[in-house]
Amino acid sequence: MTKNFLKGHLLAGFVLFGFLTTGCSSSSDSVLLVKDRKAQVSIGLPPNPSVTERFAATELSKYLQQMTGAVFTIDSGRGTTSPEIKLMISKDFAKESYTLNIQGHDIILTGGSGRAILYAVYDLLGRLGCRWIAPEFSFYKGHGEYIPHKTTLSFRIPHPIEEAPGFAYRKLDVEEGRTHNLRNLKQIIDWMPKLRFNTLMIPLDYGGTGRVKWDKWRKALTPELKKRGLIIEVGGHGYQNFLNAGMSVAGAGDKGPTLFKLHPEWFGKDKNCDPSPAEYIVFNSSNPAAVNYLIGNVVKYLNGHPEIDIFDFWPPDGARWAECPSFLALGDFQDRQARLANQVDSAIKTIRPDLQLEIIAYARALMPPQKVSLNKDILVDFCPINQSFENQIDDSSNEHNATYVNAIHAWRKRFSGNIGLYSYYRKYAWRSLPNIIPHYMQRDMQWYASVPLQGISIYSEPGDWGTYELNYYTLGHLAWDPDCNVDSLINQFGYVRYDSAWKTIKKAYRSLEQLVRTDGSIPKTRLKSPKEIFQAEKELSGRISEVNTVKQNAHEAALSANLSRLLLMLQYADDDLKIQYSLASHNAQEVLRKKIKELVAFLESNRDKGVFVLSANNNLTSYSRHYGIKAP
């Protein structure tokens, strides 16, 4: 990219906000860091530094050297050198709070933990012009981040900077893990603290297939997470991981009798009131022997996994809590879930008082328990899976969203512990359709902060990260400060990604933000009239033409690659609108099948470019179902 152009827009404070608010200043409080490629300061660690504090110092040294070519000495805890960038821990600070200050000839970074110190380091580097737009996935070809180059470098601020997070838990979730592997998981972990995400969620064993499983990556990822001070969250949908019908009796071996054969009373009952081996029917949580068996397996697992900080204890996905009338006497779904969670939490506390248990408010157990008081130390993730993105979450005119608002208020009234949002700001059901929603997310999150909620998570598929990179980038900053300047943030992203072309490209992003969630095939969005869809499709077609023109004149490979990904996004959104138009116009099924077939062929021909994540199953059938058409 054109370095002089980026310097003018990124280093002059044109698009700085939040933790980058005062990147440049005319203040006399200034420290010369580098002069003619020679370091003028050293980096000072606190006494007896932790592995995270040492990593923070190494990162600071590494990036300063990349920026200037200068080599920086790291002073291991003596604290007598000056001038110096001093990394300091204070017990008076909250765990994730930190400050940046200039005292005499020194820059002082003080935090409440090693993780906070690491945030402070990236904050300082951000004020010096570094930008971490996305993880360094292979399809970015080394352009996930922007590091400026200067032979002389100073740092100045007009006053001390004080920072603390708006949301305590800021998570990236592996979930289905369709495109995750060890390499890109490490790239995600490396990027997380740069955007101040603090928790990685990985399934214990997603779907029970062994494909997406914490133990598969545990040995390699745990050191990477721990040296950054990040929170490890493991679990997911999975009572069945600890008690299921097919398990053999302990000591009997693989050929021994199953639990279901020996203890049918341990399992849930179907609508005919017969014990059922189906995993989606929740086991009989009123049976003490069954509960003790499950708790014993949970305790055994956690004893063998001391690295886990948060354990997700969720029922099976699509759980049925009461198929038989006799089970209804055991209480509502949410009461049964809370009672079981309390029992598991109490058992875990005897071996791991530091570990936090998490449940979800989801599906049939969306509302808070009415007769059981959930232990306040248990975390709750609230899951508005059917949220309509056509309206803001707190828009009472939308019946889907109104249901979730009422449930959130009910939770907040009855539960004093921490509640997080299990967001769907990147959703599998969107099928990689470019639903770009930075302003929407901010309005949502400002409302969630007012409730208040204490956490936020988002799915993190590498395979279509290029489609949702602005959502991820924006969410990282909003999770820290819901009131940050989103327009400035979008410009910051845009000038790094598209250089001077951003002035034109910005219109394409604006169109995607305004049209996809309101006119596209996003679930819970109403099908619009042919006239409305035609106008939306006409606008997107114009944007495609504009971006193509810019691409034809692009001389740099990185810019051309970024524009190519954007064109794929725009083409998909445009094709989607054409299908929506056919649906609204009641075109013949043959016409719709042809359009869907062409769309699927387009998507499949552009796999592995960082834009689309496709199913391993028959995509033609899947997309036909998505649009409500019977597949050929």
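Q: Which residue does the disulfide join to Cys273?
A: In this predicted model, the disulfide joins Cys273 to Cys324, with an S to S distance of 2.0 Å, and one disulfide is what the structure holds.

Q: What's the handedness of that link between Cys273 and Cys324?
A: The link is right-handed, with 90° about the S-S bond.

Q: Where do Cys273 and Cys324 lie, and what does the pair tie together?
A: Cys273 lies in the loop between helix H6 (259-262) and helix H7 (288-303), while Cys324 lies in the loop between strand S15 (310-312) and helix H8 (325-328), so the pair ties together parts that are 51 residues apart in sequence.

Q: And Cys273, is that buried, exposed or partly exposed?
A: Cys273 has a relative accessibility of 30% and therefore counts as partly exposed, whereas Cys324, at 2% relative accessibility, counts as buried.

Q: What about Cys383, buried or exposed?
A: Cys383 counts as buried because its relative accessibility is 3%, and Cys484 is buried too, with a relative accessible area of 5%.

Q: Switching to the barrel, how many strands close into it, and in what order?
A: Eight strands close into the barrel, in the order S12-S13-S14-S15-S16-S17-S18-S19, and their pairing is parallel; from one strand to the next, the twist averages 25°.

Q: How many bridges do S12 and S13 pair over?
A: Strand S12 (residues 169-173) pairs with strand S13 (residues 199-203) over three bridges, in the parallel sense, and Thr199 in S13 is the bridge partner of Lys171.

Q: Which strands does helix H12 touch?
A: Helix H12 (residues 465-480) packs on the sheet and touches S12 and strand S19 (455-459), its direction making about 170° with that of S19.

Q: Now H13, what should its span be, and what is it in the model?
A: Helix H13 (residues 486-498) has 13 residues, which at 1.5 Å a residue should span 18 Å, and its end C-alpha atoms are 18 Å apart, which agrees.

Q: How many residues of H13 are buried?
A: Twelve of the 13 are buried, so H13 is largely enclosed by the rest of the structure; among the buried residues are Phe493, Tyr495, Arg497 and Tyr498.

Definitions and conventions:
Residues numbered from 1 in each chain as written. Predicted model: local features only at pLDDT ≥ 70, side-chain atom pairs only at ≥ 80, totals over all residues. Heavy atoms only, no water. Pairing = 2+ DSSP bridges. Helix = DSSP H or I, 4+ residues; strand = E, 2+ residues; numbered from the N terminus. Axes fitted to C-alpha atoms, helices over the stretch in contact; angles between N-to-C directions. Contact = heavy atoms within 4.5 Å. Disulfide = S-S within 2.5 Å. Buried < 20%, exposed > 50% of the residue type's maximum accessible area, 1.4 Å probe, protein only. Expected span 1.5 Å × (residues − 1).
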